[in-house]
Amino acid sequence: MLAAIDTRFGSKDEILCLEIPAGEGRLLSWLFDNAEVLDQETAESGAVTARFRIDPTIRGKLDGQLKRAGLAAKA
């Protein structure tokens, strides 16, 4: 039942991948609070590559966070 609900209401969500530098913990925290982090991997440098699903209605807020950090998301 939860899968059916997720499919219906999450069908327009975007799945993105983002490399977050070690010094941008605030951005990583924002992702966990506002998106569904599907996978993450931490490099030796401390950078985190996160694959996440985000609702398009809050994508603009993500874009603002990325701009503040000097980063860009890729599909």
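The legends below describe an overview and several close-up views of a predicted model.

**View 1. Overall fold of the protein chain, with its 3 helices and 3 strands.** Followed along the sequence, these elements of the protein chain come in the pattern α-β-α-β-β-α. The protein chain has 75 residues, of which 29% are buried, and it exposes about 5100 Å², with 51% of that area supplied by carbon and sulfur atoms. When contacts between residues at least 6 apart in sequence are considered, 62% of them join residues that are at least 24 apart.

**View 2. Packing of helix 2 against helix 3.** Helix 2, which covers residues 25–34, packs with helix 3 at an angle of about 170°, and the two axes lie 10 Å apart. Because an angle over 145 degrees counts as roughly antiparallel, the two helices are described as roughly antiparallel to each other. On the side of helix 2 the contact is made by R26, L27, W30 and L31, while helix 3 contributes K61, L62, Q65, L66, R68 and A69. By residue class, the contact between helix 2 and helix 3 comprises 6 nonpolar residues, 1 polar residue and 3 charged residues.

**View 3. Side-chain contact between R53 and E36.** R53 is found in strand 3, which runs over residues 48–54. With a relative accessibility of 17%, R53 counts as buried, since the class takes residues under 20%. The side chain of R53 makes a polar contact with the side chain of E36, at a distance of 2.6 Å.

View 4. A22 is found in the loop between strand 1, residues 14–20, and helix 2. The relative accessible area of A22 is 51%, so this residue is exposed, a class that requires a value over 50%. Although A22 and S45 are 23 residues apart in sequence, their C-alpha atoms are 7.0 Å apart in space.

Methods:
Residues numbered from 1 in each chain as written. Predicted model: local features only at pLDDT ≥ 70, side-chain atom pairs only at ≥ 80, totals over all residues. Heavy atoms only, no water. Helix = DSSP H or I, 4+ residues; strand = E, 2+ residues; numbered from the N terminus. Buried < 20%, exposed > 50% of the residue type's maximum accessible area, 1.4 Å probe, protein only. Polar contact = N/O pair within 3.5 Å; in protein donor to acceptor, adjacent residues only side chain to side chain. Contact = heavy atoms within 4.5 Å. Areas by Shrake-Rupley, 256 points an atom, 1.4 Å probe, with all protein chains shown as cover. Axes fitted to C-alpha atoms, helices over the stretch in contact; angles between N-to-C directions. Parallel < 35°, antiparallel > 145°, perpendicular 65-115°, else oblique. Nonpolar A, V, L, I, M, F, W, Y, C, P; charged D, E, K, R; others polar.
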